[in-house]
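Here are my notes for you, as numbered points. Have the picture open while you read, and take the points in order.

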Amino acid sequence: MRVEARGLGVDLKGRLVLKGVDFAAQPSELTAIIGPNGAGKSTLLRALAGLLAPVAGTVLADGRPLDGWDRQALARRLAYLPQDRVVHWALTARAVVALGRLPHQPPGAGESATDARAITQALSAMDVTHLAPRPVIEMSGGERARVLAARALAQEPAALFADEPASGLDPAHQLALFEHLARLATEGRTVIVALHDLSLAARFCHRIVLMHEGNVVAAGAPEDVLTVEHLAAVYRIDAKLATIDGVPVVLPRALLP
Amino acid sequence: MKAAWANTEPNARTLLGGLAVVALLAFILSLAIGPVGLGRGLPGEAGALIFREIRLPRAVLGALVGASLGLSGAALQGYLRNPLAEPSLVGVSGGAALGAVLTIHLGLSAAVALTLPLGALLGAAVAMLAVVALAGKHGGPVTLILAGLAVSSLATALVSLALNVSQNPFAMVEMVFWLMGSLADRSLPQVWLAAPFMLAGIALLLLLGRALDALSLGEDAARSLGIDIARTRTMVVAGTALSVGAATAVTGIIGFVGLIVPHALRPLAGHRPGLLLPASMLGGAIMLLLADIALRLVQPWVELRIGVLTALLGAPFFVWLVLKTRSELAP
């Protein structure tokens with residue numbers, strides 16, 4: 001699914017959080033949105049998912065404005081994984097992951113064989129099969145994050161938007177998550193993640209969008225966006241860029257005065 | 001793979017089927033138990049009269065009112081994502097009480113038949129509209145609770161005022177008794193008046209399963225799963241107003257059923273708010289029918305009203321809830 005935003009302006013409680021953002025993400029691409037706290041990453045993701053009404057500009061999904069989409073039809077094509085990992089009630093991990101199948105089920109219909117297969121695959125992709133019968137509210141933060149990510153995967157969307165999916169995960173599960181997201185992209189899906197870990201962005205993402213104070217400052221291939229100059233201007237850090245054993249690494253060396 | 005989870009995920013059909021059987025048994029028991037043994041020595045015609053005019057309205061009312069209270073409690077808890085929510089919270093019961101008390105106070109209920117339930121229905125509708133207007137178009141769960149509390153408080157104050165200024169001791173006794181809630185001595189016309197509203201409200205609330213399931217993940221995730229939050233809120237409020245408003249109009253205030261029933265059944269429903277809706281509907285009917293049967297069994301010794309009994313059961317339940325929460329939150 002091609003996702004595009006043109007001149008997007010979003011106002012949250014009287015504060016202009018996005019100031020005319022142009023953005024595009026293509027199928028088969030893993031796109032990272034990076035930027036300091038408060039740059040507007042989460043707001044951009046929510047607006048792209050149609051969860052915020054913009055005060056200016058439009059969001060197009062497959063060339064069609066989001067307002068023109070039936071919400072249920074959109075939910076079959078687009079999954080959104082929020083940053084706050086909320087699960088009310090003592091639902092089991094499997095019940096939570098099964099919620100990802102709701103848009104695919106006609107009213108009143110129960111779980112089909114296709115649903116069951118998608119749930120099983122999503123549980124296994126996020127390495128939470130062994131947690132399936134356990135209540136999610138009793139799990140650690142990282143386990144909960146993986147269960148909720150599995151919920152979005154079970155939705156089997158053409159486009160997946162994930163807000164900070166890797167935060168709170170141990171290194172092994174961070175790698176596994178991003179390898180899976182990259183695999184989803186190679187399958188032809190559009191994957192967009194808001195991200196703080198610059199090394200993960202450099203390593204896995206095909207395109208990086210750098211945001212600062214509600215604007216897109218740079219967008220393009222990782223090597224063009226993750227430069228010493230950009231990082232100094234936006235994050236106020238002196239960064240060291242290196243490649244170790246073929247893996248790109250971004251090291252924030254010091255704060256700039 | 002489904003079989004692997006069969007023992008951990010609750011089986012909806014078994015749970016609802018079991019509850020339906022128990023509800024049916026309670027309904028039959030409610031028809032059969034009373035001070036007069038039917039079918040034993042009593043002339044056929046008198047027996048039929050007792051059955052039609054006393055037992056049947058009481059059992060039908062118990063089942064419908066219990067179902068309304070249990071279901072709307074589950075719907076409100078699911079929508080507000082708060083296990084302490086219950087129907088009286090959104091102001092509907094308070095509005096119905098005020099409407100009823102006013103008809104008694106003004107002497108209308110004594111003059112014209114059915115004015116009391118009609119006044120209560122009107123009160124419930126006005127209270128619901130006030131709550132929705134107060135909460136605003138985009139008000140979230142907290143705003144809705146606050147608006148409900150504001151309207152309930154006002155209704156309670158006005159009920160107290162009516163009691164306070166009442167000159168007629170008979171009207172005052174009638175008001176107080178009505179506020180206690182009772183299933184006894186309701187006529188079939190009263191049941192027919194309230195039943196369509198209760199059934200319409202029940203039908204609306206039963207449609208909410210999918211939305212409430214999705215809301216377990218918060219509003220943003222629910223919307224991204226295709227749920228219309230504003231429509232969900234409208235259905236919760238309208239369904240509660242119709243079912244609980246009509247129930248209260250006929251029986252008076254019966255508290256705690258909407259709180260206790262969803263709580264008790266939640267673990268059996270795998271904590272799923274969607275499955276909890278039909279389960280709480282059946283559970284509410286069971287609880288109210290059994291409570292009413294218990295009242296009839298103790299009647300030779302003490303004349304108790306069902307609203308008093310549910311409140312007596314509700315208070316210790318709250319104490320238990322506090323102790324449970326305290327131990328869960330303890331370090």
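1. Let's start with a helix pair in chain B: helix α4 (residues 92-105) and helix α8 (residues 169-180) pack at an angle of about 160 degrees, with their axes 9 Å apart. The axes are lines fitted to C-alpha atoms, for helices over the stretch in contact, and angles run from 0 to 180 degrees between N-to-C directions. That angle makes α4(B) roughly antiparallel to α8(B) (under 35 degrees is roughly parallel, over 145 roughly antiparallel, 65 to 115 roughly perpendicular, and the rest oblique). Helices (H or I, at least four residues) and strands (E, at least two) are DSSP runs, numbered from the N terminus.

2. Who touches whom here? From α4(B) come B:Ala97, B:Ala100, B:Val101, B:Ile104 and B:His105, and from α8(B) come B:Ala171, B:Glu174, B:Met175, B:Trp178 and B:Leu179. Two residues are in contact if their C-beta atoms, placed from the backbone, lie within 7 Å. By class, these residues split into eight nonpolar, one polar and one charged. Ala, Val, Leu, Ile, Met, Phe, Trp, Tyr, Cys and Pro count as nonpolar, Asp, Glu, Lys and Arg as charged, and the others, Gly among them, as polar.

3. A word on the ground rules. This is a predicted model, where local features need pLDDT of at least 70, side-chain atom pairs count only at pLDDT 80 or more, and totals for chains, interfaces and linings use all residues. Residues are numbered from 1 along each chain as its sequence is written, while chains are lettered from A and ligands numbered from 1 in the order in which they are written.

4. Now a second pair in chain B: helix α6 (residues 115-135) and helix α12 (residues 229-251) pack at about 150 degrees, with axes 8 Å apart. α6(B) and α12(B) are therefore roughly antiparallel to each other. Among the residues that meet are B:Leu121 and B:Met128 in α6(B), and B:Val237 and B:Gly245 in α12(B). The contact of α6(B) with α12(B) has twelve nonpolar, two polar and no charged residues.

5. Step back to the whole of chain B. How many helices and strands does chain B have? It comes to 15 helices and zero strands. Its radius of gyration is 20 Å, close to the 20 Å that the globule rule gives for 331 residues, so chain B is as compact as a globular protein of that length. (The radius is taken over C-alpha atoms; the rule is 2.2 Å times the number of residues to the power 0.38.) Of the 331 residues, 49% count as buried, which takes 20 or more other C-beta atoms within 10 Å of a residue's own; 12 or fewer is exposed, in between is partly exposed, and C-beta atoms are placed from the backbone.

6. Chain A has nine helices and twelve strands. Its radius of gyration is 18 Å, close to the 18 Å that the globule rule gives for 257 residues, so chain A is as compact as a globular protein of that length. Of those 257 residues, 47% are buried.

7. Is A:Thr243 buried or exposed? With 10 C-beta neighbours inside 10 Å, A:Thr243 counts as exposed.

8. Finally, the two chains meet: 27 residues of chain A are in contact with 23 residues of chain B. On the chain A side, the largest share, three residues, comes from α2(A). That side divides into 19 nonpolar, four polar and four charged residues.
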